[in-house]
2 protein chains.
Amino acid sequence: MGAATTISPPVHTAAQARIIDAAVALFTEHGVGGTSLQMIADAIGVTKAAVYHQYSTKDEIILAVAGVVLARLETAVGAAERERSRARAREALLGHMVDLAVERRRMAGILQRDPVMLRFLQEHEPFRRVMERVNRVLMGGASDPRARVQAATFPSAIAGTVVHPLVLDLDDATLHAQLTKQVRKLLQPR
Amino acid sequence: MGAATTISPPVHTAAQARIIDAAVALFTEHGVGGTSLQMIADAIGVTKAAVYHQYSTKDEIILAVAGVVLARLETAVGAAERERSRARAREALLGHMVDLAVERRRMAGILQRDPVMLRFLQEHEPFRRVMERVNRVLMGGASDPRARVQAATFPSAIAGTVVHPLVLDLDDATLHAQLTKQVRKLLQPR
DNA sequence: GTCTATAAATCGATAGAC
DNA sequence: GTCTATCGATTTATAGAC
């Protein structure tokens with residue numbers, strides 16, 4: 001009943017999973033716009049035609065990469081919306097976002113920072129709807145400049161930090177603990 | 001005496017300024033890796049060859065775009081380093097970074113988030129040195145995980161926020177005031 | 001699922017006229 | 001400073017064999 005996943009379900013064959021893994025690594029290094037299907041094929045060790053057999057356009061690959069994280073984000077925002085108060089909802093969502101970003105650092109960096117990916121997601125309705133729900137929860141019921149800037153700061157800080165050179169050699173547990181502390185500071189009334 | 005600018009000075013002809021402006025807009029929309037010289041030429045209304053007459057490679061255009069902001073960032077970090085204490089130095093630098101990011105939102109977004117630009121700057125020694133100085137000031141004399149994550153959070157939050165869809169229609173003064181408040185929260189000991 | 005081969009367009013970059 | 005014209009390499013994408 002209800003709450004069906006509107007984001008492409010992360011169900012992949014072995015060949016598709018290899019393509020997605022290679023794409024994430026290349027997107028991180030060269031950006032989505034600077035990554036060709038030839039580069040992906042070379043990274044896996046197959047030809048372009050083999051890649052096209054799995055995903056018939058480059059957009060489908062971008063979609064598949066985004067779907068991995070965004071399906072989980074949709075679940076997280078759904079759970080947050082069911083919390084008893086707006087304050088609890090925001091805290092719960094931020095906790096899930098930190099979990100997700102630390103666990104999949106490179107993907108989080110791509111989804112929140114790559115210009116091509118951002119543009120792609122903005123034009124894709126299911127993704128846009130999820131982001132609107134995320135923003136609504138993060139704004140905590142308000143929509144004034146203060147709430148907007150605050151809501152914008154959370155994902156920016158989270159996604160930017162997990163891929164920052166200064167935290168590259170930190171293990172997940174340490175990064176998670178310290179990042180959580182920083183995000184909590186942003187939650188304070190002043 | 002000393003403190004000569006090591007970053008390309010922002011001295012441009014009118015033709016060069018047009019190219020840089022068009023490049024910034026296109027880099028924001030399609031990413032550095034997804035922007036071709038043809039696109040830049042079309043945006044200005046000239047041919048590719050005319051663009052090549054100003055900048056003989058695409059890398060020089062990227063460098064010119066980066067130089068505009070980074071020359072000012074170098075000045076800012078130099079001034080911060082002359083403050084009386086590490087705490088004051090950090091506050092001063094963050095103030096300048098917020099100024100710069102709000103004033104040139106799109107450029108800040110590109111410099112801190114575009115994968116190709118980040119990679120390009122990392123391989124460019126003068127820029128890398130400036131970023132090392134910035135990181136040193138932001139870490140405030142420490143180098144433990146707590147200081148690293150904190151230092152990584154500042155630029156991530158600033159650059160990500162100024163280009164976030166939620167703050168697009170906020171005027172500079174409002175954004176500056178609210179962003180300053182958020183950044184101050186991150187500075188708190190807990 | 002993977003291959004070879006190819007098409008049509010675009011890429012960064014250069015030469016030379018005006 | 002801008003143009004036309006062009007180079008060779010690379011791009012997305014398809015056809016068809018195995």
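**View 1. The buried area between the chains.** Chain A and chain B bury about 3,700 Å² between them, and carbon and sulfur atoms give 62% of that area. Buried area is the accessible area (1.4 Å probe) that two parts lose on being put together, summed over both. A:Val149, A:Leu166 and A:Lys185 supply 18% of what chain A buries against chain B, more than any other three residues. The model is predicted: local features need pLDDT of at least 70, side-chain atom pairs need 80 or more, and totals for chains, interfaces and linings use all residues. Residues are numbered from 1 along each chain as its sequence is written, chains are lettered from A in the order written, and side-chain values use heavy atoms, without hydrogens and water.

**View 2. Residues in contact.** In chain A, 44 residues are in contact with 44 residues of chain B. Contact means heavy atoms within 4.5 Å.

**View 3. Salt bridges across the interface.** Four salt bridges link chain A and chain B. Each is a side-chain nitrogen of Lys or Arg within 4 Å of a carboxyl oxygen of Asp or Glu. The side chains of A:Glu29 and B:Arg119 form a salt bridge, at 2.8 Å from N to O.

**View 4. The cavity.** The whole structure has one cavity of 30 Å³ or more. A cavity is a set of points on a 1 Å grid over the protein atoms alone, where a 1.4 Å probe fits but cannot get out; lining residues have an atom within 4 Å of a point. Of its 16 lining residues, the closest to the centre are A:Gly31, A:Asp114, B:Gly31, B:Gly33 and B:Asp114.

Terms used:
On a 1 Å grid over the protein atoms alone, a cavity is a set of points where a 1.4 Å probe fits but cannot get out, and a pocket is an open set with protein on both sides within 12 Å along at least five of seven lines; lining residues have an atom within 4 Å of a point. Grid points are joined across faces, edges and corners, and a volume is the space filled by probe spheres set on the points.
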